Amino acid sequence: MSKKVRTRFAPSPTGYMHVGNLRTALYAYLLAKKNNGDFILRIEDTDRERTVEGAVDIIYSTLKKAGIHWDEGPDVGGNFGPYIQSERMSFFKDYALQLVEKGHAYYCFCNKERLDELKDLQKASGTPPKYDGHCRNLSPEEIRQNLEAGLPYVIRQKMPREGSTTFNDEVFGEITFENSDLDDQILIKSDGMPTYNFANVVDDHLMEISHVIRGSEYLSSTPKYNLLYEAFGWEKPVYIHCSPVMKNAVEKLSKRNGDATFEDLLEKGYLPQAIVNYIALLGWSPKGEEEIFSLDELIDIFDVSGISKSPAIFDLPKLTAINAKYIRNMSDEDFWNHAEPYVKSVCKKEVNKSLLSQMLKTRTEKFKDIPEQINFIDNLPEYTCDLYIHKKMKTNEENSLEVLRQILPILEQLEDWNQNSIHDAMFKLIETLGLKNGRVLWPLRVALSGKSFTPGGGIELAALLGKNESISRIKEGIEKLESDLEQN
RNA sequence: GGCCCGUUGGUCAAGUGGUUAAGACACCGCCCUUUCACGGCGGUAACGCGAGUUCAAUUCUCGCACGGGUCACCA
């Protein structure tokens with residue numbers, strides 16, 4: 001019987017979460033859920049220097065907004081707690097001592113000066129920096145004496161000097177390292193606390209993590225992890241290493257220079273689901289040609305074999321396109337709920353929600369685009385009469401003026417003011433005058449909006465603005481044109 | 001520098017010892033159309049380089065180049 005799938009996401013609380021991190025969490029979550037397993041959140045906060053106030057809350061809220069729910073974690077508990085690494089510090093040393101006992105680790109009393117000297121020497125001679133094994137073979141007597149003398153010490157992992165270590169990664173395949181290249185890394189620091197690498201292995205084992213999903217920067221320390229598992233006699237997890245998400249061909253996405261944190265994207269008006277959808281596709285590809293997936297669908301189709309080995313560059317236009325697709329698929333109500341704050345930011349007037357939603361929905365790639373599109377509703381912007389000149393529509397200032405003069409009485413007499421009635425009235429006029437649609441409708445839009453690009457055309461704008469406002473803007477257009485033509 | 005990994009259009013990527021080398025985004029053109037979008041149709045554009053294996057290599061092997069990662073009492 002196969003073991004239950006348990007994956008974990010183990011971030012350090014150091015600030016906002018960039019999309020590369022989120023993607024790792026997503027993959028871990030998807031893999032767990034696909035196999036009816038558990039997804040665990042563990043906070044690795046042992047570096048007090050780097051810990052940022054409030055960062056844990058950001059982790060919570062980011063995952064929640066992304067729809068990634070954890071089965072076990074600091075706030076929800078579980079049978080393998082505590083889930084905050086700093087609260088687990090007590091037992092690591094005992095584990096390290098077990099390794100000392102078994103001969104896979106040893107006390108090291110080298111002080112910082114000696115280590116620095118060693119490093120300088122190695123640097124000067126061009127050999128790779130590596131612990132020289134000075135304390136590897138101290139006699140039990142020496143160790144006892146040092147301990148009794150109260151000398152500070154660390155515990156180091158005793159790497160094999162010969163042979164090689166091979167492991168299998170689900171993404172990269174079989175990878176081999178020479179043991180002689182492995183450093184006798186520190187397991188327990190002189191303050192008695194575990195190093196990250198050691199705590200990680202022990203925690204993952206204690207929490208029964210079955211699949212370790214993490215960034216490819218851990219690829220080269222994986223042999224050391226495995227040697228640790230072997231030294232303990234523990235079962236090794238399945239490894240899934242993911243290549244980084246890049247800002248461009250040479251720079252990794254980073255909190256410092258990139259703005260692609262999840263929070264930033266939300267602020268720019270991207271939908272959480274669209275972001276999740278996009279990052280799932282960044283470095284992973286589904287079997288078919290469909291690209292739009294809900295989280296549940298992703299769980300269904302996720303497969304580790306689709307993860308690619310090479311780094312992927314984050315492409316905002318692609319995210320934007322996916323976001324636009326999500327927006328177009330929304331119901332009018334749903335769209336309005338999202339759009340309302342953006343609409344209200346520039347439009348205090350009461351408007352026909354359903355009409356405005358329909359007008360904006362196919363023209364909104366992200367919600368922040370909205371204000372710019374509708375900033376003519378409350379007040380007619382300043383505009384110049386050359387907007388009336390449109391070559392393709394065959395309009396100029398003179399014939400626009402004529403047309404507006406024709407439109408005005410018709411609309412003034414229109415009792416029932418709605419899109420249909422306006423449409424009928426306008427097309428009747430078009431027919432009567434024997435003109436192309438654009439000849440009439442282009443001037444109308446310009447007069448109503450003061451812009452040459454608007455969401456929807458003159459008829460929709462008239463319906464949206466209402467009778468009084470529309471009439472008054474048309475009159476204003478007529479006056480503008482009259483005075484402009486007079487001057488020339 | 002040592003070690004590990006990677007390299008298909010501008011981007012994400014599928015794929016194979018023999019293919020017209022998918023698809024999406026972006027870009028361009030056309031259609032639709034009262035602008036802009038949406039929608040529809042079409043187009044430009046790719047296997048890093050050099051050897052080798054083979055009847056045949058983008059696919060397998062080696063070398064090179066380029067890129068990434070890693071070499072802490074950080075995580």
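What pLDDT does chain A average, and what share of the residues score at least 70? In this predicted model, chain A averages a pLDDT of 92, and 98% of the residues reach a score of at least 70. The model as a whole scores ipTM 0.94 and pTM 0.92.

**The surface near RNA strand B**

- There are 63 residues around RNA strand B, and those that come nearest are Asp-47, Tyr-196, Glu-217, Ser-310 and Gly-457.
- Two or more residues each are given to this surface by the helices H4 (112–125), H6 (196–206), H11 (316–328), H17 (437–449) and H18 (458–465), and likewise by the strands S6 (173–178) and S11 (312–313).
- Helix H17 provides the largest share of the surface near RNA strand B, with five residues.
- Sorted by class, the residues of the surface near RNA strand B are 25 nonpolar, 21 polar and 17 charged.

**Helices H13 and H18**

- Helix H18, which gives residues to the surface near RNA strand B, also meets helix H13 (residues 353–361), and the axes of H13 and H18 come within 10 Å and cross at roughly 145 degrees.
- The crossing of H13 and H18 is left-handed.
- On the H13 side the contact involves Leu-355, Leu-356 and Met-359, which meet Glu-460, Ala-463 and Leu-464 in H18.
- By class, the contact of H13 with H18 has five nonpolar residues and one charged residue, with no polar residues.

**The sheet of S3, S4 and S7**

- Three strands form an open sheet in the order S3-S4-S7, and their pairing is antiparallel.
- Strand S3 (105–108) and strand S7 (186–188) are at the edges and have a single partner strand each, so one side of each is left without a neighbour in the sheet.
- From one strand to the next, the twist averages 40 degrees.
- The antiparallel pairing of S3 with strand S4 (residues 154–157) runs over four bridges, and Cys-108 stands opposite Val-154 in S4.
- Helix H3 (residues 92–102) packs on the sheet, where H3 touches S3, S4 and S7, and the direction of H3 makes about 105 degrees with that of S3.

Technical notes: Residues numbered from 1 in each chain as written. Chains lettered and ligands numbered in written order. Predicted model: local features only at pLDDT ≥ 70, side-chain atom pairs only at ≥ 80, totals over all residues. Near = placed C-beta within 6 Å. Nonpolar A, V, L, I, M, F, W, Y, C, P; charged D, E, K, R; others polar. pLDDT = per-residue confidence, 0-100. Axes fitted to C-alpha atoms, helices over the stretch in contact; angles between N-to-C directions. Left-handed = near helix turned anticlockwise from the far one by under 90°. Contact = placed C-beta atoms within 7 Å. Pairing = 2+ DSSP bridges.
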